[in-house]
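I opened this model to look up salt bridges and helix contacts. My entries follow in the order I made them.

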Amino acid sequence: MGLVVQKYGGSSVADAEGIKRVAKRIVDAKKNGHQVVVVVSAMGDTTDELIDLAEQVSPIPAGREFDMLLTAGERISMALLAMAIKNLGHEAQSFTGSQAGVITDSVHNKARIIDVTPGRIRTALDEGNIAIVAGFQGVSQDKKDITTLGRGGSDTTAVALAAALDAEVCEIYTDVDGVFTADPRVVKKAKKIDWISFEDMLELAASGSKVLLHRCVEYARRYNIPIHVRSSFSGLQGTWVSNEPQGDRKVEQAIISGVAHDTSEAKITVVGVPDKPGEAAAIFRAVADAEINIDMIVQNVSAASTGLTDISFTLPKAEGRKAIDALEKAKTAIGFDSLRYDDQIGKISLVGAGMKTNPGVTADFFRALSDAGVNIELISTSEIRISVVTRADDVNEAVRAVHSAFGLDSDSDEAVVYGGTGR
């Protein structure tokens, strides 16, 4: 039996009983002959509580010290889990991200992994131990400061370790039974997907699906590490994410993999932009220099009488104020008239590699939204995805309408969110 990397989210280790339940599952994998490396998140809402505490002490906490604070949550989880495993008669050693060899760049709060040197993990495994690693954290290559990886950091830690250790699989344990055709909190009849390609999962993750984060899937695809998304609250088979179906399973690629939604974005419209070469570049350079990622972009046809156009784009709500400030500073140089900001929007995306060869998908998608009375503000497409922006209040109804229109509703048991968060 080979090496397995398992990752457990905060809801799985939210309390002492959860930690003991996870410890038993880990020990069972060890008894089955696997070498086991475990990546663990902070307990429950610990990270959110630490963020709130930091903001009470300092409105703008220093990045280095903020990372030092946030990594405490995972260190608590890893130590308690190691204790629980030892109580079951097996040896376990816990490691911080830096001790596990997770090397990152120097960007605090959203560092990126640049290398993994898991020498101490290999030694622990060779000695017959179970290795427990604190997720979400690493150490900067140049200054040797503690860093955090940002949203989805523990998943990324797990996949990075799986790649470095040449693991057979990276198991992501969460509080749902796998990847579903829609968020089970919104669509009660969502179906569990048995297998999904990296390509489709990347689009779902980028479009708002919260079971796996985009960075994690991107890393797994790059190093061809199969991911098995499972629930730590049940013994059911989950969802395999890989290039090909695993083992003897022959799963046909569905035309539509799922419907994702995202209400964490805002829209900025730059009004009255001179329609000449270089203006759009100047706008997006100002946004890029502020280290802000943007998503959808739409430019209107310029008015013949004025030669001016409007450019709209979406971005994370949390970055809205920073983007407005950056654009206001560049207003004179660019020469636009004004800015409009709207944070009451939502994005709905239909994802499926099969839509490339099925010409009716686009028409059916827009018909479903029309029948539900949902107005569309922006449209963006790729070969395997159609995304639209609507009013935030219309998102849930739109997701349910599209899900039903493409025959994705299950006629069996409703999807279960064991921990209440869907992650």
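The model is a predicted one.

I then looked up where the two residues sit. E377 is in the loop between α11 and β19 (378–382), and R391 is in strand β20 (residues 385–391), so the pair ties together parts that are 14 residues apart in sequence. E377 is partly exposed, because its relative accessibility is 27%. R391 has 29% and therefore also counts as partly exposed. I followed the shared partners and found one network of salt bridges that joins K267, D342, E377 and R391.

I asked how many salt bridges there are by this rule. The count comes to 18.

Next I took D155 and K7, whose side chains meet in a salt bridge at 2.9 Å, N to O. D155 lies in helix α5 (residues 153–164) and K7 in strand β1 (residues 3–8), so this pair ties together parts that are 148 residues apart in sequence. D155 has a relative accessible area of 0% and is buried. K7 is at 5% relative accessibility, so I noted K7 as buried.

I also looked at R185, which forms a salt bridge with D183; their closest N and O atoms are 2.6 Å apart. R185 is partly exposed at 36% relative accessibility, whereas D183 is buried, with a relative accessible area of 16%. The cut-off for buried is under 20%.

I turned to the helices. The axes of α11 (residues 361–371) and α12 (residues 395–405) come within 9 Å and cross at roughly 135°. That angle makes α11 oblique to α12. The crossing of these two helices is right-handed. I listed the residues that meet: F365, A368 and L369 from α11, and A398, A401, V402 and A405 from α12. By class, this contact has seven nonpolar residues, no polar and no charged ones.

My last entry is on α1 (residues 16–31) and α3 (residues 63–87). Their axes come within 9 Å and cross at roughly 60°, and the two helices are therefore oblique to each other. α1 passes α3 in a right-handed crossing. Which residues make the contact? On α1 they are I19, V22, A23, I26 and V27, and on α3 they are L80, L81, A84 and I85. I sorted the residues of this contact by class and got nine nonpolar, no polar and no charged.

Technical notes:
Residues numbered from 1 in each chain as written. Predicted model: local features only at pLDDT ≥ 70, side-chain atom pairs only at ≥ 80, totals over all residues. Heavy atoms only, no water. Axes fitted to C-alpha atoms, helices over the stretch in contact; angles between N-to-C directions. Helix = DSSP H or I, 4+ residues; strand = E, 2+ residues; numbered from the N terminus. Parallel < 35°, antiparallel > 145°, perpendicular 65-115°, else oblique. Left-handed = near helix turned anticlockwise from the far one by under 90°. Contact = heavy atoms within 4.5 Å. Nonpolar A, V, L, I, M, F, W, Y, C, P; charged D, E, K, R; others polar. Salt bridge = Lys/Arg side-chain N within 4 Å of Asp/Glu carboxyl O. Buried < 20%, exposed > 50% of the residue type's maximum accessible area, 1.4 Å probe, protein only.
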